[in-house]
Amino acid sequence: MLGETTELKVRTPEGVEFSLPLASPFSRCLALAVDYAVVVALTMLISHVIGIFQSSVSEIPVIGPILSDFGAGATIILQFLVFTFYGMITEWLWAGQTVGKRLFRLRVIDERGLVPGAGQIVIRNLFRVLDILPSTFYFLGSVSCLLTKRCQRIGDIAAGTLVIREVALPAPELDEILLEGENSFSTHPLLEARLRQRTSPEEARIALDAVSRRNEFEPESRLQLFSKIADHFREVTEFPEEVTHGLSDEQYVRNVVDTLFRRARA
């Protein structure tokens, strides 16, 4: 049952451990209610705009009725598109969040604790049609959340995703773990802002933990760990070659941590 597991515990091959609090069914229902309100508002807006269009063309001889019928069909299609793609687009743009999830500090992640890929986002949202069966009130999805240890609806199980609750991160003592010197990323403040916007708190914490605990790892494990983390953040935001040339993977991650924490706070 749900109460058996309230946290996702992840241990990397290099020995880094971290835990993420799972979202409760109640908080997910609240976020879902907000998202439904947003979808309803968008569909009503579409209907209103097309209604104005139909009124303006209805009096046109010959083509007026045709355009009016076209508007009615377009309304149905656009409403279907909003319902289908709202979750996909927002979760992709906001790294696993919708309007409702942002409001209640929830986030979709994959089972490794990272931001879900585009394929996972598509799958979990397509399975939403199955989750709402047999009625329109998320019956199967709700039952699945209550019965699975990680509070996963059917779409989450199919996509390999989870919904976690974000917690405020304590301010780290960055001066103790980061070397003094110029962060080469600072020459591109817009890219730094993009990096901060695209990085989830969980990803930031993993990078910070790796930097702060770097001396605890064996040399080979240390190289592998920072290589994986650096590769991940290179995919999140790509900095020009003149900025990253000559940086080791570990220094690249240090620059990331400096950008996410110290420079963001400044």
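**Notebook: salt bridges in a predicted model**

I looked up Asp131 to begin with and found that, at 0% relative accessibility, Asp131 counts as buried, where buried means under 20% relative accessible area, exposed over 50% and partly exposed in between, with a 1.4 Å probe and protein chains only. I noted that this is a predicted model, in which local features need pLDDT of at least 70 and side-chain atom pairs count only at pLDDT 80 or more, while totals for chains, interfaces and linings use all residues. Residues are numbered from 1 along each chain as its sequence is written, and side-chain values use heavy atoms, with hydrogens and water left out.

I then searched the whole structure for salt bridges (a side-chain nitrogen of Lys or Arg within 4 Å of a carboxyl oxygen of Asp or Glu), and the search gave 13.

Which residue forms a salt bridge with Asp131? I found Arg153, with the closest N and O atoms 2.4 Å apart. Asp131 sits in helix H5 (residues 128-131) and Arg153 in the loop between helix H6 (139-147) and helix H7 (154-159), 22 residues apart; helices here are DSSP runs (H or I) of at least four residues, and strands (E) of at least two, numbered from the N terminus. Arg153 is buried too, at a relative accessible area of 3%.

Next I checked Glu250, which meets Arg214 in a salt bridge at 3.8 Å, N to O. Glu250 lies in helix H13 (residues 249-265) and Arg214 in the loop between helix H10 (201-212) and helix H11 (219-236), so the pair ties together parts 36 residues apart in sequence.
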